[in-house]
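Dear colleague,

I am handing over the structure below, and after it you will find my notes on what turned up in it. Please read them with the coordinates open beside you.

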Amino acid sequence: ELLIIKKKSEQCGLSMSDYVRSLSLNYTVKARLTEEEIEQYKLLIKYADNFRRITNLFKLGDTTGFKKLSIETAILFRNHLQKFK
């Protein structure tokens, strides 16, 4: 049990006592992102920016629903990224 608590507290970037204290007080405890996850989210941010630019190109006219699809995709990316702020 001690090893499990130690590993989980390290994943959250907390000391073991802070981790146990947070859990006992019903605080939300989240694991930190790995380096690979951080790189993936940076890539998602670039994609979101590109979709935003594409959407701006279509503000004056809709070409076969591409504008709507671009906006929906950008919103999905934005909502997903908001979870990690």
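**Notes on the predicted model**

N26 sits in the loop between helix 2 (16-24) and helix 3, where helices are DSSP runs of H or I with at least four residues, strands are runs of E with at least two, and both are numbered from the N terminus. The phi angle of N26 is near 60°, a positive value in a residue other than glycine, and N26 counts as exposed because its relative accessibility is 70% (exposed is over 50% relative accessible area, buried under 20% and partly exposed in between, with a 1.4 Å probe and protein chains only).

Before going further, please keep in mind that this is a predicted model, in which local features need pLDDT of at least 70 and side-chain atom pairs count only at pLDDT 80 or more, while totals for chains, interfaces and linings use all residues. Residues are numbered from 1 along each chain as its sequence is written, and side-chain values use heavy atoms, with hydrogens and water left out.

**Salt bridges**

Three salt bridges come out of a search of the whole structure, a salt bridge being a side-chain nitrogen of Lys or Arg within 4 Å of a carboxyl oxygen of Asp or Glu. In helix 2, the side chains of D18 and R21 meet at 2.6 Å, N to O, and these two residues are separated by about one helical turn because they are three residues apart in that helix. D18 counts as partly exposed at 32% relative accessibility, and R21 as partly exposed at 44%.

The pair E39 and K42 has its closest N and O atoms 3.7 Å apart, and being three residues apart in helix 3, these residues are likewise separated by about one helical turn. E39 is partly exposed, with a relative accessible area of 45%, and K42 is partly exposed, with a relative accessible area of 45%. R52 forms a salt bridge with D49, with 2.6 Å between the closest N and O atoms, and both lie in helix 3, three residues apart, about one turn of the helix. R52 is partly exposed at 38% relative accessibility, and D49 is partly exposed at 27%.

**Core and pocket**

The largest nonpolar core consists of five residues, namely Y41, L44, A48, F77 and L81, where a nonpolar core is a set of buried Ala, Val, Leu, Ile, Met, Phe, Trp, Tyr and Cys residues joined through side-chain atoms within 4.5 Å. Helix 3 (35-57) and helix 4 (66-82) are the elements that give two or more residues to this core, and the largest share, three residues, comes from helix 3. Leaving aside neighbours within four places in sequence, Y41 is in contact with L33, H80, L81 and F84, contact meaning heavy atoms within 4.5 Å.

What lines the largest pocket? Its lining has 19 residues, of which I45, A48, F77, R78 and L81 lie nearest its centre; a pocket here is an open set of points on a 1 Å grid over the protein atoms alone, where a 1.4 Å probe fits, with protein on both sides within 12 Å along at least five of seven lines, and lining residues have an atom within 4 Å of a point. Helix 3 supplies the largest share of this lining, nine residues.

Kind regards
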